[in-house]
Amino acid sequence: MREINFLTFNTHSWLENNDQQQVEVLAQKILKEDISIIALQEVNQKITSKEIQVDHYFQLNNEQQSVHEDNFAYCVVNRLRDLGTNYYWSWAFNHIGYDKYHEGVAILSKTPFQAEVIKISLEDDPADYHTRKALLGKSESLCFLSGHFSWWSQSSGFAYEWRKVEGRLWDQKLPLIIMGDFNNPANQRDQGRDLVLASQLNLQDSFEVATEKIGEGTIPGGIDGWEKNAQSLRIDYIFLAQEFLVEKYQIVFDNISDLQISDHYGVLIKTSLK
């Protein structure tokens with residue numbers, strides 16, 4: 001069976017105390033765990049920073065925004081290259097964050113892929129933080145998505161966004177992996193997580209099916225968007241097709257397995273295809 005490792009991580013990039021430490025810790029983890037595909041959220045670049053010319057490792061998408069020199073995913077890819085490994089990557093712009101960033105989602109992959117941006121939100125104004133776009137990647141053997149979804153709402157929030165994802169992927173033939181910040185806690189029944197698991201996409205929750213589990217929650221308490229929260233919650237997920245066996249689910253960047261470098265923890269899974 002073929003082994004494949006996945007990581008999803010809301011980076012909260014350039015908003016932590018030690019910016020460069022974020023890049024270094026993440027790059028070292030990717031190398032150490034030999035991660036095949038990485039989904040990143042809150043991948044920021046300053047609106048005012050300098051645009052760059054990307055090379056052939058960047059996978060252009062259908063709504064390509066210019067990439068800047070401080071794009072967080074670009075910085076991670078460059079550090080990985082310095083350490084001797086090249087990753088293919090793509091980045092999709094979602095909306096303006098904190099009044100000074102182009103905020104988006106990214107995918108890094110050890111192999112080339114086709115990149116596609118999917119508009120999933122009802123809103124379409126980059127000045128409105130409700131505007132959300134997911135980044136879809138398709139390689140020769142896998143289909144994978146990085147998304148940063150809205151909080152639960154039946155009409156215009158998560159439920160609407162999930163229906164858009166479903167509509168794009170319902171006839172997908174390749175094994176599917178959907179990763180990201182879902183902003184829907186696992187303990188809230190009949191909401192986001194349950195909607196995903198009831199989907200015609202026939203997905204499984206990697207935490208629930210993992211043979212080995214190390215940690216669970218992906219935020220420790222109150223963070224941006226969850227200011228009133230006082231408990232650990234699992235709001236970041238890796239959902240994947242039934243063809244996958246999940247050998248290990250582990251929370252990373254939590255000050256236990258690794259240094260905490262974001263307001264979210266990361267989710268690392270080790271899998272094999274049946």
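1. Two strands are taken to pair here if DSSP finds at least two bridges between them, and strands (E, at least two residues), like helices (H or I, at least four residues), are DSSP runs numbered from the N terminus. Within that scheme, Q204 stands opposite L240 in β11; the strands concerned, β9 (residues 203–205) and β11, pair in the antiparallel sense over three bridges.

2. The model is a predicted one, in which local features need pLDDT of at least 70 and side-chain atom pairs count only at pLDDT 80 or more, while totals for chains, interfaces and linings use all residues. Residues are numbered from 1 along each chain as its sequence is written, and side-chain values use heavy atoms, with hydrogens and water left out.

3. Strand β11 (residues 236–241) also pairs with β8 (residues 176–181), again in the antiparallel sense, and here over five bridges; in this pairing I178 stands opposite F239 of β11. Six of the six residues of β11 are buried, where buried means under 20% relative accessible area, exposed over 50%, and partly exposed in between (1.4 Å probe, protein chains only).

4. In soluble globular proteins, nonpolar side chains tend to be buried together.

5. Leaving aside its neighbours within four places in sequence, I30 is in contact (heavy atoms within 4.5 Å) with I35, I38, V76, L80, Y87 and L108.

6. A106 is placed in strand β4 and counts as buried because its relative accessible area is 0%. With neighbours up to four places away in sequence set aside, A106 is in contact with I38, A39, L40, V43, A73, S90, W91, L135 and S146. The C-alpha atoms of A106 and G137 are separated by 9.9 Å, and these two residues lie 31 residues apart along the chain.

7. T131 lies in the loop between β5 (114–119) and β6 (133–138), and it counts as buried because its relative accessibility is 1%. Residues up to four places away in sequence not being counted, T131 touches N94, H95, S121, E123, D124, D125 and P126.

8. H12 counts as buried because its relative accessibility is 6%, and W14 is buried with a relative accessible area of 11%.

9. The second largest pocket has a volume of about 220 Å³. A pocket is defined on a 1 Å grid over the protein atoms alone as an open set of points, with protein on both sides within 12 Å along at least five of seven lines, where a 1.4 Å probe fits; lining residues have an atom within 4 Å of a point. Grid points are joined across faces, edges and corners, and the volume is the space filled by probe spheres set on the points. Of the 14 residues that line this pocket, the closest to its centre are R2, S109, T111, S139 and S141. Strand β1 (residues 2–10) supplies the largest share of the lining, three residues. By class, the lining has five nonpolar, five polar and four charged residues, where Ala, Val, Leu, Ile, Met, Phe, Trp, Tyr, Cys and Pro count as nonpolar, Asp, Glu, Lys and Arg as charged, and the others, Gly among them, as polar.
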